[in-house]
Amino acid sequence: MKALPFLVCAVLFVGILAAGCTSPAPEPVPTPVPTTPATIATTPPPLTDPALTGTWTYKGAMFASGTGKTPVISNTQSVTITFNNDGTFMGFGGCNNYNGRYTITGQNTEFGKVISFSPITSTKKYCADTADFEDTYLKVLQQTVTYSIPTNTMLLRTSYGDQLSYNKA
């Protein structure tokens, strides 16, 4: 009987000794993942038309809708619009300065090339002699959907058939 406790102690001793002699499992090494350089999303530059860019002076208008009257003011030479290569435009409406963004698609229609305008912002002065003209002018400009440039004259047209005419400054 004395051999049994001795045998149990010997087995426990050998077990503890064996457990202490083993090394822990190695840490797994992460597998390298190929990386690609981060790409920065860039907005392509707006389409431009060299014939459109520059300053234009208001020449007149024709309206197919609304009152049918062509708004006229005495100082129409001062009404302008300037198209920049970066997709922005600015101008003078007879009393207030205005500006915004325009987009051209390069698409052609029977009435000219497609163009659209962002909401137009302007200063808010009131000029009694030009207020009606300027209000109509900016509304028609906002609704413009095509432009054409035969020679040095530019025509901006709405889908309703309203038309603004300009000369190259």
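This is a predicted model: local features need pLDDT of at least 70, side-chain atom pairs count only at pLDDT 80 or more; totals for chains, interfaces and linings use all residues.

Me: Which strand does β8 pair with, and how many bridges join them?

Reply: β8 pairs with β9, through five bridges, and they run antiparallel. In that pairing, L156 has L164 of β9 as its bridge partner.

Me: What's between β8 and β9?

Reply: They form a hairpin with four residues between the strands, and G161 there takes a positive phi near 95°. D162 is in the loop between β8 and β9 too.

Me: Is D162 buried or exposed?

Reply: Buried, because its relative accessibility is 3% and the cut-off for buried is under 20%. D162 and V140 are 22 residues apart in sequence, but their C-alpha atoms are 7.1 Å apart in space.

Me: Back to L164. What is L164 in contact with, leaving aside its neighbours in sequence?

Reply: Leaving out neighbours within four places in sequence, the contacts of L164 include Y58, G60 and A61, then Y137, V140 and L141, and also M154, L155 and L156. L164 is also in the largest nonpolar core, which has 25 residues. Along with I81, F83, F89, Y137, L141 and Y166, L164 is among those that touch the most other members. Strands β1, β2, β4, β5, β8 and β9 each supply at least two residues of this core, and so does α2. The most comes from α2, with five residues.

Me: And S165, buried or exposed?

Reply: S165, in strand β9, is buried, with a relative accessible area of 9%. Leaving aside neighbours within four places, S165 is in contact with T57, Y58, K59 and G60, as well as T153, M154 and L155.

Me: Switching topic: which way do the residues of β2 point?

Reply: T80 and T82 point one way, I81 and F83 the other, and all are buried. As background, side chains in a regular strand alternate between the two faces of the sheet.

Me: What does β2 pair with?

Reply: β2 runs antiparallel to β1, with four bridges joining them, and T57 stands opposite T80. β2 also runs antiparallel to β3, again through four bridges, with T82 opposite M90. β2 and β3 form a hairpin with four residues between them, and G87 in the turn has a positive phi of about 85°.

Me: Which residue has a positive phi although it is not a glycine?

Reply: T151 does, at about 55°. Most residues other than glycine have a negative phi. T151 sits in the loop between β7 and β8, and it counts as exposed because its relative accessible area is 71%, where exposed means over 50%.

Me: Last topic: what's the volume of the largest pocket, and what lines it?

Reply: Its volume is about 220 Å³. The largest pocket is lined by 14 residues, with S122, K124, E134, D135 and L138 nearest its centre. By class, the lining has five nonpolar, four polar and five charged residues.

Me: Which element supplies the largest share of that lining?

Reply: α2, with five residues. β6 and α2 each supply at least two residues of the lining.

Methods: Residues are numbered from 1 along each chain as its sequence is written. Side-chain values use heavy atoms; hydrogens and water are left out. On a 1 Å grid over the protein atoms alone, a cavity is a set of points where a 1.4 Å probe fits but cannot get out, and a pocket is an open set with protein on both sides within 12 Å along at least five of seven lines; lining residues have an atom within 4 Å of a point. Grid points are joined across faces, edges and corners, and a volume is the space filled by probe spheres set on the points. Ala, Val, Leu, Ile, Met, Phe, Trp, Tyr, Cys and Pro count as nonpolar, Asp, Glu, Lys and Arg as charged, and the others, Gly among them, as polar. A nonpolar core is a set of buried Ala, Val, Leu, Ile, Met, Phe, Trp, Tyr and Cys residues joined through side-chain atoms within 4.5 Å. Buried means under 20% relative accessible area, exposed over 50%, partly exposed in between (1.4 Å probe, protein chains only). Contact means heavy atoms within 4.5 Å. Two strands pair if DSSP finds at least two bridges between them.
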